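Let's walk through this structure together, one region at a time. Please keep the viewer open as you read.

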Amino acid sequence: VATADRTMNPSKKAYSIPQDMMEMEPTGTQAQAAQDDTSSSSCCWLCLGEGPDASGMPLVRNCSCRGSSGFAHLSCIIRYAEIDGRNSYQSMGNIGAAFQECPNCKQEFQNDLRYHLERARVSFVEREFSDDHMLYLRALIHRVRVLNAENDADKAEGDQICFKMVSTIEEMKSDHSESEWSGEFMKMEAVVMYVIGLFHMNVGSEESLQEALEYFGSAIYLFTLLGDEINIISAKKNIAKIEAKFSGEEISHDEGNDLEFSKRQYKYWLGKLGEQHPITIRRGELLAHALYCSNQGVAAERLLAKMAALSRQVHGPTHNCTLSATSALKDVKDRRVFIDSRRQWFHALKYENDGLSCVVRGPVVESAGGSSSSMQEEHMLTLSLPITDVFPGPGTPVVCQGLSERAHLNGKIGDTRGFNGGKFEVHFEEAGLEPAIIKHENLRIVFELP
């Protein structure tokens with residue numbers, strides 16, 4: 001008789017959650033992702049120089065270009081972006097995307113290169129287009145989002161930027177009547193309030209957190225007037241995080257609402273930017289995480305596999321999106337099982353002895369924060385146990401076998417959602433198949449989804 005019933009609902013194994021695009025994206029002193037190495041044949045695509053520039057700065061590339069293409073000097077990129085910005089402003093009323101996007105691969109810059117270019121963008125706009133308040137605010141928003149609030153220099157710069165944004169909004173309001181302050185003006189004010197709230201939240205001091213609450217509250221009021229439900233929910237989630245920090249309590253999650261919210265966000269960005277854009281890929285990763293936390297392991301794994309493959313194909317193996325999605329996919333493919341005889345959680349590795357035994361490694365231990373991790377390598381055990389002793393964890397991909405009365409379910413893949421009395425509630429991937437209660441002995445873990 002199985003005795004695992006009381007312990008078959010562990011906290012989900014923590015895996016790296018991608019940054020929400022509404023959150024800050026520090027890229028300078030904190031984020032040091034892979035920087036492409038220059039090869040002997042690399043040269044600056046702008047000046048054609050092969051070595052460092054006149055100031056000794058080397059060639060850089062932090063986009064989705066591959067091979068020997070896409071390398072340039074930072075100074076050359078800035079010069080190109082300024083020229084392109086002037087031309088774009090004359091023809092379109094904005095400065096284009098050259099400070100943010102590589103003109104060769106058409107993808108956004110990232111990491112240190114983006115950090116420096118966002119600073120250059122602000123300097124350029126302040127120098128040449130200071131009267132265009134909306135353009136100035138966009139530049140400031142892009143800059144503050146890449147700052148690391150834990151770095152003293154970045155924090156000081158962020159404080160100055162927040163002051164500049166509030167002052168600019170006040171100046172704009174003085175130039176417009178109350179009836180005129182709507183549409184794009186109100187939307188910009190709402191985004192400014194939200195981003196300032198994010199910055200103060202990331203600073204993390206008690207005073208800064210109090211300020212963040214005020215700014216998020218202002219953002220919610222404005223987003224409500226605009227009917228922007230997605231950003232209202234985002235702001236409320238951040239308020240909940242701050243209040244939980246003040247109270248010392250864990251944040252309570254409504255997995256159903258979190259999943260629905262993630263689906264709406266992914267659908268929105270998919271329609272707006274297409275499936276290849278880094279924002280859409282990150283939203284897909286967030287959706288996969290929500291699916292995973294809702295014990296929908298098959299859907300989560302398939303979505304992450306799609307995001308990782310798409311990012312690798314479009315952006316290359318060292319791009320932040322690819323690294324993040326690949327890491328998350330590896331974590332989601334971990335098959336955690338409960339070993340009844342040991343009353344512990346292990347990692348399932350494979351079946352052997354014609355499927356009568358399962359090789360497991362562990363145990364998995366709960367951390368103080370409720371997430372799980374493996375013991376140090378020297379304390380890990382590798383065991384081969386009878387399958388009657390190995391129970392798949394919630395959300396584990398499984399396949400049915402050996403069913404006689406419901407033979408049509410044999411070979412069908414689903415994931416485990418509930419457990420009671422030696423039987424699992426299995427939700428199937430195939431459309432049209434209703435969830436079914438399946439005995440433990442009629443299920444096998446799927447280690448690689450077909």
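A pocket, on a 1 Å grid over the protein atoms alone, is an open set of points where a 1.4 Å probe fits, with protein on both sides within 12 Å along at least five of seven lines; lining residues have an atom within 4 Å of a point. Grid points are joined across faces, edges and corners, and a volume is the space filled by probe spheres set on the points. The model is predicted, with local features needing pLDDT of at least 70 and side-chain atom pairs pLDDT 80 or more, while totals for chains, interfaces and linings use all residues. Residues are numbered from 1 along each chain as its sequence is written, and side-chain values use heavy atoms, without hydrogens or water.

With that in hand, look at the second largest pocket, whose volume is about 1200 Å³. Its lining comprises 37 residues, and H142, K187, V191, W269 and K272 lie nearest its centre. Helices (DSSP runs of H or I, at least four residues) are numbered from the N terminus, as are strands (E, at least two). Among those giving at least two lining residues each are α5 (183-203) and α8 (255-273).

Now turn to G418, which sits in strand β10 (residues 413-420). Beyond its neighbours within four places in sequence, G418 is in contact (heavy atoms within 4.5 Å) with K423, F424 and E425. N295 is 123 residues from G418 in sequence, yet their C-alpha atoms are 9.3 Å apart.

Finally, the cysteines: the structure has zero disulfides, a disulfide being a pair of cysteine sulfur atoms within 2.5 Å. For C65, the nearest cysteine sulfur, that of C63, is 3.7 Å away.
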